[in-house]
Amino acid sequence: MNKEALADLRDNPLFRQQCFVDGEWADADSGAVLQVDNPANREFIGQVPRMGQAEAQRAIEAANCSLPAWREQTAEARGAILYRWHQLMLAHQETLAAIMTLEQGKPLAESLGEIKYAASFFKWFAEESRRAYGRTIPAANSDQRIVVIKQPIGVAAAITPWNFPSSMITRKAGAALAAGCTMVVKPASATPFSALALAELAHQAGVPRGVFNVVTGSAREIAGEMTGNPLVRKVSFTGSTEVGSVLMREAASNVQKLSLELGGNAPFIVFEDADLDAAVEGAIAAKFRNTGQTCVCVNRFYVQDAVHDAFVEKLKKRIESMHLGDGFDPQSDVAPLINQEAVDKVLSHVDDAVGQGASLVSGGKPDTRGDNYVLPTLLTGVRQSMQIMREETFGPVVAVSRFATEAEAIDWANDTPFGLAAYFYSENVHRVWRVAEAIEAGMVGINAGLISNAAAPFGGVKSSGLGREGGVEGLEEYLETKYLLMG
Ligand code: NAP
């Protein structure tokens with residue numbers, strides 16, 4: 001983005017450099033700020049308040065004050081506001097996408113895709129809020145009646161990551177507000193502007209003051225207040241497993257309800273009976289979205305002996321045809337990584353694999369375009385013991401291992417503490433059912449590389465988290481079940 005376009009974007013009313021608390025735009029009490037840089041060139045793009053415990057507490061109190069009026073509205077009335085928020089996101093999709101690419105780096109077409117995906121949660125939950133059904137249960141005694149009702153949990157807190165700056169917020173806020181909860185969000189410090197733009201649109205959509213608040217700043221202080229304040233009845237976190245387990249310990253003191261959407265280590269299995277062209281396209285989609293920086297990105301490829309060489313050859317051609325560049329360049333399908341730490345991690349995984357005998361087929365090094373650029377990379381001969389197979393690489397590296405039998409592929413796929421997404425390609429219907437049921441993951445793409453959908457429950461098993469977002473299950477996370485016995 002050139003200097004004039006950047007200046008125009010920064011003048012846009014959706015580009016906010018203050019927090020949104022109790023319906024007002026606010027600075028930190030101390031006046032402290034956090035600077036935000038563009039990952040494509042590491043140049044300064046703006047600043048946001050560096051808020052801490054006191055401001056987080058005020059936001060939680062505002063959410064608590066606005067709770068009674070919000071939860072008493074009908075589901076239809078809440079849904080109408082969410083639906084307006086959805087429409088406003090679509091009306092401003094180009095600005096929202098530009099803000100996202102500027103702070104996060106992903107190709108503009110992917111940012112547009114994320115804005116539509118993010119908006120879809122408001123539409124889905126606007127509709128679903130009317131179906132927060134309870135039930136009646138036949139009672140043991142004829143003079144009694146048993147009724148089960150659903151009620152909003154109360155004030156909810158959300159902590160979100162930088163890789164999906166908009167949709168990780170709407171996936172939580174759509175469900176929370178539809179259920180009748182109010183919310184305080186702490187977005188990632190690398191990507192606060194997408195969150196603040198959502199707050200501006202919430203205001204325009206008619207979300208009442210205090211119902212949706214965004215607080216930027218010190219993660220420890222804000223999250224500490226969220227887990228330590230008894231007014232907060234639900235904490236929803238998306239991010240790394242390390243931070244998720246810290247929050248789980250902290251939330252224990254107030255026995256807060258918790259949702260954790262954590263890291264993954266997704267396997268992608270290509271069986272000898274797969275449609276190889278479809279598998280290659282699925283592999284590209286599932287690996288390179290957001291330059292490999294998604295929790296559901298493939299981390300490990302397992303390809304059966306009989307098709308290994310043909311698959312690798314086709315994939316190599318596809319990878320070498322990819323264009324690495326600034327997210328604002330319409331040619332780019334791979335973009336810069338978020339920061340130096342991400343670059344170092346990706347390159348260290350490649351070095352470790354090559355050092356232990358893997359073959360580097362393409363890429364494997366930084367690109368001269370800028371400090372955060374790494375070439376799309378293909379490694380073969382990768383083994384289960386290598387770092388790249390054990391940890392989330394979060395970058396544009398395809399690591400391929402070959403296998404002989406179905407049992408071996410399933411064993412290797414499940415040989416990880418994580419269990420978020422998994423993918424496999426096979427045209428054999430018997431195998432499809434066997435493998436789908438045997439894989440330890442919350443989500444399985446079968447002959448499909450893109451699995452996210454507002455109507456489906458998103459989430460993981462094992463160290464990948466607790467709870468689900470999206471779908472009927474996503475609403476349930478913000479509801480309490482109350483049983484009434486009438487004598
Ligand atoms: P992260 O370092 O865990 O950060 C996520 C959020 O937690 C940010 O808002 C961060 O704030 C905050 N945070 C950091 N340290 C904290 C602490 N000690 N206490 C409380 N909050 C803290 O993760 P990330 O690097 O942003 O995101 C990448 C990770 O998220 C990957 O592991 C990825 O797989 C996972 N992810 C999972 C899903 C899913 O749905 N399962 C979706 C997307 C991403 P600051 O930014 O201010 O540090």
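Modeller: A residue is near a molecule or strand if one of its heavy atoms lies within 4 Å of it. This is a predicted model, in which local features need pLDDT of at least 70 and side-chain atom pairs count only at pLDDT 80 or more, while totals for chains, interfaces and linings use all residues. Residues are numbered from 1 along each chain as its sequence is written, and side-chain values use heavy atoms, with hydrogens and water left out.

Biologist: Which residues come nearest to the ligand?

Modeller: There are 28 residues around the ligand, and Thr160, Arg171, Ser189, Ser240 and Glu392 come nearest.

Biologist: Why is Ser166 called buried?

Modeller: Buried means under 20% relative accessible area, exposed over 50%, and partly exposed in between (1.4 Å probe, protein chains only). Ser166 has a relative accessible area of 2%, so the residue is buried.

Biologist: What does Ser166 have in contact with it?

Modeller: Contact means heavy atoms within 4.5 Å. Leaving aside neighbours within four places in sequence, the contacts of Ser166 include Met89, Glu114 and Leu198.

Biologist: Why is strand β18 described as largely enclosed?

Modeller: Helices (H or I, at least four residues) and strands (E, at least two) are DSSP runs, numbered from the N terminus. Strand β18 covers residues 421–425, and five of the five are buried, so the rest of the structure largely encloses the strand. Ala421, Tyr423 and Tyr425 are buried on one side, and Ala422 and Phe424 on the other.

Biologist: How do you know that β12 and β18 pair?

Modeller: Two strands pair if DSSP finds at least two bridges between them. Three bridges join β12 (residues 266–270) to β18, so these parallel strands pair. Val270 has Tyr425 as its bridge partner in β18. Four bridges join β18 to β19 (residues 443–446), also in parallel, and there Tyr423 stands opposite Gly445.
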